[in-house]
Every structure is written in structure tokens, then in C-alpha cells.
Amino acid sequence: SSFWFRWYAGCSNEEGENALLLTNSFFDRSSDGIIVQKMHRTYDGDRDAEWQCGPFEKVNAGFASLVKRSPEELQGASLREIWPQTALSLSRICAKSMEEEGPLGIEQWVPEMEKTLRFQLIPLGEERLTIVCSDISDQKIELANARADAERYRSIFENLPDGVFVVGPTGTIFDCNERAATMNGYTRDELVGQSISLLNSPHQG
């Protein structure tokens, strides 16, 4: 589905609308949530017209599953009804996408679901917008866990009482802890990228 989105995002609105009509199977079968969102302009005196989100024109089964509602409940619903706390910020992004006449993508924490979603928005025709919603919560958790593991490894590596080198197959020093550097009379920056044979030079303390 991401490949389709990148290709579709490069189309003009008219081309994109035709593409969507030709890819109903994608709309119906995608595991991502897809909304065809009605948009309209409002005028406030002398101020420029602003884009506002209207009701949903169409949603797929993936979106119904994502928000745990039936397709019948979602017919004619709005962002404010589905995500009252998130609707304002998401509506601003929708308006920006329509104003710029181009695709936009954001990642946003949705408190109503306690999940992080990725939203991909594409203007569709004159007064419609396609919103593709993907749950990336698990990816975020995995990334956070990987970062925590890396930080724990680094902490252990740095605090070992012995000098430790990370050396490549050709003898290049990729990394070392501070103990390894100081016990050999170098700084870490001086050692990284050098050959391990440098430690046999007269500079060695």
C-alpha cells in the first residue's frame, strides 16, 4: 500500500481521482484505514477562505476495524465525532494539505485510542481529501526498546574496568571505551579509524 501511496501522491488531482476509481480493490482490501473526507471552504468577512473538514464520504473496512466501529456507524460521521481530542490538530493538517494541493504525512498520538497513528493525506478532486491511517504503535515501542537496549549496552561498555576495543576484520578500530584509550595514552578520537597495530608504536605508554 505504501508503494501505491507514493505513486498516487505524484498524480494531479484529476489523475489521482481516476486512479482511485481504478483501485477500488486497494480501498476495500487494504489493512490500513482509509477515509474519503469531504472538505469545504468557509469565509469570514475579509479573511481568506479556510478549509474545513466535513463528514466522511466513504471509509473502508480497515478504518472501521481501526476505530472499532461498524461501517454503518461511520457513514456520514466526522473526525470530531470519532476523535474529539485529536480532531482539531488533524483538521489543521487536512486544511494545509488542501491549501497546498499536495500530499502531507504526520505521525500523531491519538489519546482516544492510546495509540500512535501515521496519517497520509492526499487532496482528491475539488473538495475531497483521502486520509490513510496506519497504526504504528508497535513500531514505536520496538524502536524505543531498541534505543533503550543500545543505551544499556553503551553504559556497560563505557563502565567496564578493562579496556575494550571493537576491531574490524582488517584490524581497523571501530570503537573503544575510555579505559582502553587512556591506558594506551590516546584519546578515543585518536584511536577510532586507526589500525590496531598503532598500539605497538612507541607512543604506547
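**Aromatic rings and the core around them**

Ring pairs join Phe 56, Phe 63, Trp 83 and Phe 119 into a cluster. This is a predicted model, in which local features need pLDDT of at least 70, side-chain atom pairs count only at pLDDT 80 or more, and totals for chains, interfaces and linings use all residues. Residues are numbered from 1 along each chain as its sequence is written, and side-chain values use heavy atoms, with hydrogens and water left out.

Q: Why is the pair of Phe 63 and Trp 83 called edge-to-face?
A: Rings of Phe, Tyr and Trp (its six-membered ring) pair if their centres lie within 6.5 Å; planes under 30 degrees apart count as stacked, over 60 as edge-to-face and the rest as tilted. Here the centres are 5.7 Å apart and the planes stand at 85 degrees, so the pair is edge-to-face.

Q: Which parts of the chain does this pair link?
A: Phe 63 sits in helix α4 (residues 61-67), while Trp 83 lies in the loop between α6 (79-82) and α7 (87-100), 20 residues apart. Helices (H or I, at least four residues) and strands (E, at least two) are DSSP runs, numbered from the N terminus.

Q: How do you know whether Phe 63 is buried or exposed?
A: Buried means under 20% relative accessible area, exposed over 50%, and partly exposed in between (1.4 Å probe, protein chains only). Phe 63 has 0% relative accessibility, so Phe 63 counts as buried. Trp 83, with a relative accessible area of 1%, is buried too.

Q: What makes Trp 83 and Phe 119 an aromatic pair, and of which kind?
A: Their rings are 5.7 Å centre to centre, with 75 degrees between the planes, which is edge-to-face. This pair also links distant parts of the chain, with Phe 119 in strand β4 (residues 115-124), 36 residues from Trp 83. Phe 119 is buried, at 0% relative accessibility.

Q: What makes a nonpolar core, and which residues have the most contacts inside the largest one?
A: A nonpolar core is a set of buried Ala, Val, Leu, Ile, Met, Phe, Trp, Tyr and Cys residues joined through side-chain atoms within 4.5 Å. The largest has 27 residues, and Phe 63, Trp 83 and Phe 119 have the most contacts inside it. Helix α7 gives this core its largest share, five residues.

Q: How do you know that β4 and β5 pair?
A: Two strands pair if DSSP finds at least two bridges between them. β4 and β5 have eight bridges, in the antiparallel sense.
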